[in-house]
Amino acid sequence: MLAQRINTALRPVPGWVIYPLALIPLLLLVWQTFSGALGVDPVKAIEHRLGEVALQLLVAGLAITPLRWATGVSLIRYRRAVGLMAFLYVGLHLATWLLLDIQLRWAEIGADLLKRPYIMLGMLGFAVMIPLALTSNNASIRRLGPAGWARLHKLTYVAALAGALHFLLLVKAWPLEPMLYLGGVIALLAVRAIRNGRRAVARTA
């Protein structure tokens, strides 16, 4: 089977390989910054790109389990690294907004939080990712127990949905790209809900 061949080929590839691969967009962004390739508003370009990569990584992490269900291809060993790199990019996205865009003008930050729902959604997504990042280690799994750890890490669903809605509301229109991200997140969550519902029915049958 193709899935078995892919799994066999990936078996010697360690999970840490995700870290240097996921840093490529950041390194490219640094090069574009110093080469003047980011246009007339480089801060906004940096902010947007960091947020987009973060959302891409969130969606990728969310897709790993449904991919295994549908095809048999297992990328589970890479999921932790994908999630941690998503957190890194979300943190950099937020730091760019706070330090370079709004320049720590706290009154303006407070006003934006109240009048711009997409900022509140972005903050929510970042906040729920903090415990996920802090517990993405074997020691936390032992301390929380596998079941407790799994329940906590369902906050990934909240982070992904908040990120997709943040992107959609940010653009103040209905372009295709943010709608595709949101549709992808909703579809991946729906697959989980349907599967869990069927398993619950099977247990009670």
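**Reading helices, exposure and salt bridges**

Modeller: A place to begin is Trp106, which lies in helix α5 (residues 106-115), and please keep in mind throughout that this is a predicted model.

Biologist: Is Trp106 buried or exposed, and how should I read the percentage that goes with such a word?

Modeller: The general idea is a pair of cut-offs, since a residue is called buried under 20% relative accessible area and exposed over 50%, with partly exposed in between. Trp106 has a relative accessible area of 58%, so this residue is exposed. Another tryptophan, Trp31, sits in helix α2 (residues 18-35), and Trp31 counts as exposed because its relative accessibility is 56%.

Biologist: I would now like to understand packed helices; at what angle do helix α3 and helix α10 pack?

Modeller: Two packed helices are described by the angle between their axes and by the distance between those axes. In this structure, helix α3 (residues 42-71) packs with helix α10 (residues 176-204) at an angle of about 30 degrees, and their axes are 10 Å apart. That angle makes α3 roughly parallel to α10, and the crossing of these two helices is left-handed.

Biologist: How do α3 and helix α9 cross?

Modeller: The axes of α3 and helix α9 (residues 155-170) cross at roughly 140 degrees and come within 10 Å. Angles over 145 degrees would count as roughly antiparallel, whereas α3 and α9 are therefore described as oblique to each other. The crossing in which α3 passes α9 is left-handed.

Biologist: How many salt bridges are there?

Modeller: The general idea is a distance test, in which a side-chain nitrogen of Lys or Arg must lie within 4 Å of a carboxyl oxygen of Asp or Glu. By this rule the count comes to three salt bridges. One of them is formed by the side chains of Lys44 and Asp101, with 2.8 Å from N to O. Lys44 lies in helix α3 and Asp101 in helix α4 (residues 79-101), so this pair ties together parts that are 57 residues apart in sequence.

Biologist: Where do Arg49 and Glu52 lie?

Modeller: Arg49 and Glu52 both lie in helix α3, three residues apart, which is about one turn of the helix. Their side chains meet in a salt bridge of 3.2 Å, N to O. Arg49 counts as partly exposed at 29% relative accessibility, while Glu52, at 12%, counts as buried.

Biologist: With which residue does Glu108 form a salt bridge?

Modeller: The partner of Glu108 is Arg105, and the closest N and O atoms of the pair are 2.7 Å apart. Glu108 is partly exposed, with a relative accessible area of 34%, and Arg105 is partly exposed as well, with 37%.

Biologist: Finally, how far apart in space are Ile186 and Arg68?

Modeller: Ile186 and Arg68 are 118 residues apart in sequence and 18 Å apart in space, C-alpha to C-alpha. Ile186 belongs to helix α10 and counts as partly exposed at 45% relative accessibility. For Trp31 and Ser140, which are 109 residues apart along the chain, the C-alpha atoms are separated by 37 Å.

Technical notes:
Residues numbered from 1 in each chain as written. Predicted model: local features only at pLDDT ≥ 70, side-chain atom pairs only at ≥ 80, totals over all residues. Heavy atoms only, no water. Helix = DSSP H or I, 4+ residues; strand = E, 2+ residues; numbered from the N terminus. Buried < 20%, exposed > 50% of the residue type's maximum accessible area, 1.4 Å probe, protein only. Axes fitted to C-alpha atoms, helices over the stretch in contact; angles between N-to-C directions. Parallel < 35°, antiparallel > 145°, perpendicular 65-115°, else oblique. Left-handed = near helix turned anticlockwise from the far one by under 90°.
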